[in-house]
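This report goes through one protein model step by step, beginning with the terms that are needed to read it. Please keep the sequence and the structure in view while reading.

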Amino acid sequence: MQDISINLGNYRLMVTEAPTVKMRENPRTGELETVTNRQGEVQFVVVLFAKPVAQPGKRPGKGEEIRVNLAADPGDGFDEGGYVELINPVLNTYEMRDDNGRITASGLWFKADGLKPAGQRGLSSAA
């Protein structure tokens, strides 16, 4: 399944690694290269700590660090420790198979069109 719309309105998203150009290692040369999409546009990545908003009468939920691919450069002002919202966040799944067709790895990854500063107390405007 690809590009499943998600609502992160009940999560506070704190930047733990500022947005950077997404890089990968070329398997043939071992050198780092810039990641682009199918249209040749440079992709970016940001690392966020996603923690559920505390609910009255309940123990606070544990958080999780997530990497989010961004379709474009989010610009300046998204420094470590700042709270953000994702613009049009989606979830994707993947699986990797060996030569015999057996699944060797599977998981999910996050993607968004961009970032914007979060509202009051780091909460999403969707909350």
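## Terms and numbering

Strands, like helices, are DSSP runs numbered from the N terminus, where a strand (E) has at least two residues and a helix (H or I) at least four. The structure is a predicted model, in which local features need pLDDT of at least 70 and side-chain atom pairs count only at pLDDT 80 or more, while totals for chains, interfaces and linings use all residues. Residues are numbered from 1 along each chain as its sequence is written, and side-chain values use heavy atoms, with hydrogens and water left out.

## The sheet

Eight strands form an open sheet with mixed pairing, in the order S1-S8-S9-S6-S5-S2-S7-S10; here two strands are said to pair if DSSP finds at least two bridges between them. At the edges are strand S1 (4-5) and strand S10 (114-117), each of which pairs on one side only.

Strand S7 (residues 83-87) runs antiparallel to S10 and is joined to S10 by four bridges, with Leu86 standing opposite Leu115 in S10. Strand S7 also pairs with strand S2 (residues 11-21), in the antiparallel sense and over two bridges, and there Met14 stands opposite Tyr83. By contrast, strand S6 (residues 64-70) and S9 run parallel and are joined by three bridges; the bridge partner of Asn69 in S9 is Lys111.

S8 and S9 pair in the antiparallel sense over eight bridges, and Thr93 stands opposite Leu108 in S9. The hairpin of S8 and S9 has five residues between the strands, and in this hairpin Gly101 takes a positive phi near 85°.

A polar atom of the Asn92 side chain lies 2.6 Å from the backbone nitrogen of Asp3. Leaving aside residues up to four places away in sequence, Asn92 touches Met1, Gln2, Asp3, Gly107, Leu108, Trp109 and Lys111, where contact means heavy atoms within 4.5 Å.

Thr16, in strand S2, is also buried, with a relative accessible area of 19%. Its contacts, again without residues up to four places away in sequence, are Val47, Leu48, Phe49, Glu65 and Glu80.

## The largest pocket

A pocket is found on a 1 Å grid over the protein atoms alone, as an open set of points where a 1.4 Å probe fits, with protein on both sides within 12 Å along at least five of seven lines, and its lining residues have an atom within 4 Å of a point. The largest pocket has a volume of about 510 Å³, a volume being the space filled by probe spheres set on the points. It is lined by 16 residues, of which Lys22, Thr36, Asn37, Asn69 and Trp109 are the closest to its centre.

Strand S3 (23-25), strand S8 (90-97) and strand S9 (103-112) each supply at least two residues of this lining. The lining residues divide into three nonpolar, eight polar and five charged, where Ala, Val, Leu, Ile, Met, Phe, Trp, Tyr, Cys and Pro count as nonpolar, Asp, Glu, Lys and Arg as charged, and the others, Gly among them, as polar.

Key
Polar contact = N/O pair within 3.5 Å; in protein donor to acceptor, adjacent residues only side chain to side chain. Buried < 20%, exposed > 50% of the residue type's maximum accessible area, 1.4 Å probe, protein only.
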